[in-house]
Amino acid sequence: MPRENYQQRLEDLRTGVVGMGDLVLERYDAALEAAETGDDDLASEVIEGDYEVNERYLGLEEECTELLALQQPVAGDLRLVAASFKVITDLERVGDLATNLAGYGGDDGGLHPAVDFREIGDEAGTMVADAVAAYESGDPDACRAVAARDDDLDERCRRASEAVVRDLLEADRARVEANRSGESDPDSEELAGALDEVSRALLAVRDLERVGDHAVNIAARALYMIENDDELIY
């Protein structure tokens, strides 16, 4: 293959990875909206549209494989192809998490009030966007900045999970006291609804934390591509 065609394929690969990132983040933002509002139609749109993310992934995976097998890239070119393959894998998983998140809104709409779901979700999504931007621009400082924000996101997710559990325990304690005093009778449907709400909230927080983890993975691979530095990988 002529050298200029080979270089163009590398540039097209980078552009394709960034385009996949844009698509995944578009679906992720829609998933946050669906979960926050309980919009079933929007949730279905996100879930049913996951095939497009998967198709984009498979196309880029094939391109990475062909470049490795047929062109045998070395040095910086090899790192670009290898990093791109890892980045699209993390993006595909963020897309999968988006389909999970879209379904957490519940029949009554929205998530547990103890969770600042949208704010945490926006931060996790911004980390992914910034990691993809660092990959595109080749900015090592931006890669490290994304990784540095992960501890804060993890702490916010931990506090959110604790708040949900604490709210459940307090509500259960109040219910027990009311039953003892004869003010109310046990309501199994109410309890089941409360447990479902808590379960959805905890799952949502877990998935938002995982989105942040994938952002760090993308930043780590980008840093390796840019500087041959694996400090964020291990």
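Good morning. By salt bridge I mean a side-chain nitrogen of Lys or Arg within 4 Å of a carboxyl oxygen of Asp or Glu. Both Arg158 and Glu155 belong to helix 7 (residues 150–180), where they stand 3 residues apart, about one turn of the helix. Arg158 counts as partly exposed at 37% relative accessibility, and Glu155 is likewise partly exposed at 28%. Here buried means under 20% relative accessible area, exposed means over 50%, and partly exposed lies in between, with a 1.4 Å probe and protein chains only.

Before going on, a word on the basis of these values. This is a predicted model, in which local features need pLDDT of at least 70 and side-chain atom pairs count only at pLDDT 80 or more, while totals for chains, interfaces and linings use all residues. Residues are numbered from 1 along each chain as its sequence is written, and side-chain values use heavy atoms, with hydrogens and water left out.

Now the overall architecture. The protein has 8 helices and 0 strands; helices (H or I, at least four residues) and strands (E, at least two) are DSSP runs, numbered from the N terminus. Of the 234 residues in the protein, 44% are buried. Among contacts with a separation of 6 or more, 83% are between residues 24 or more positions apart, a contact being heavy atoms within 4.5 Å.

I return to the salt bridges, of which the count comes to 16. In general terms, side chains of opposite charge can pair when their charged atoms come close. Which residue does Arg9 form a salt bridge with? The partner of Arg9 is Glu66, and their closest N and O atoms are 3.2 Å apart. Arg9 lies in helix 1 (residues 3–37) and Glu66 in helix 3 (residues 50–71), so this pair ties together parts that are 57 residues apart in sequence. Arg9 is buried, at 19% relative accessible area, whereas Glu66 is partly exposed, at 31%.

A further pair is Arg144 with Asp141, whose closest N and O atoms are 3.9 Å apart. Both are in helix 6 (residues 140–148), 3 residues apart, about one turn of the helix. Arg144 is partly exposed at 27% relative accessibility, while Asp141 is exposed at 55%.

Next, the packing of two helices. The axes of helix 2 (residues 40–48) and helix 4 (residues 75–102) come within 9 Å and cross at roughly 155 degrees. These axes are lines fitted to C-alpha atoms, for helices over the stretch in contact, and angles run from 0 to 180 degrees between N-to-C directions. Helix 2 and helix 4 are therefore roughly antiparallel to each other, the term applying to angles over 145 degrees. Which residues make the contact? Helix 2 contributes Ala43, Val46 and Ile47, and helix 4 contributes Ala98, Thr99 and Ala102.

Finally, consider Arg27, which is found in helix 1. Is Arg27 buried or exposed? Arg27 is buried, with a relative accessible area of 15%. Leaving aside residues up to four places away in sequence, Arg27 touches Val46, Gly49, Asp50, Glu52, Val53 and Ala98. Thank you for your attention.

Technical notes: Parallel < 35°, antiparallel > 145°, perpendicular 65-115°, else oblique.
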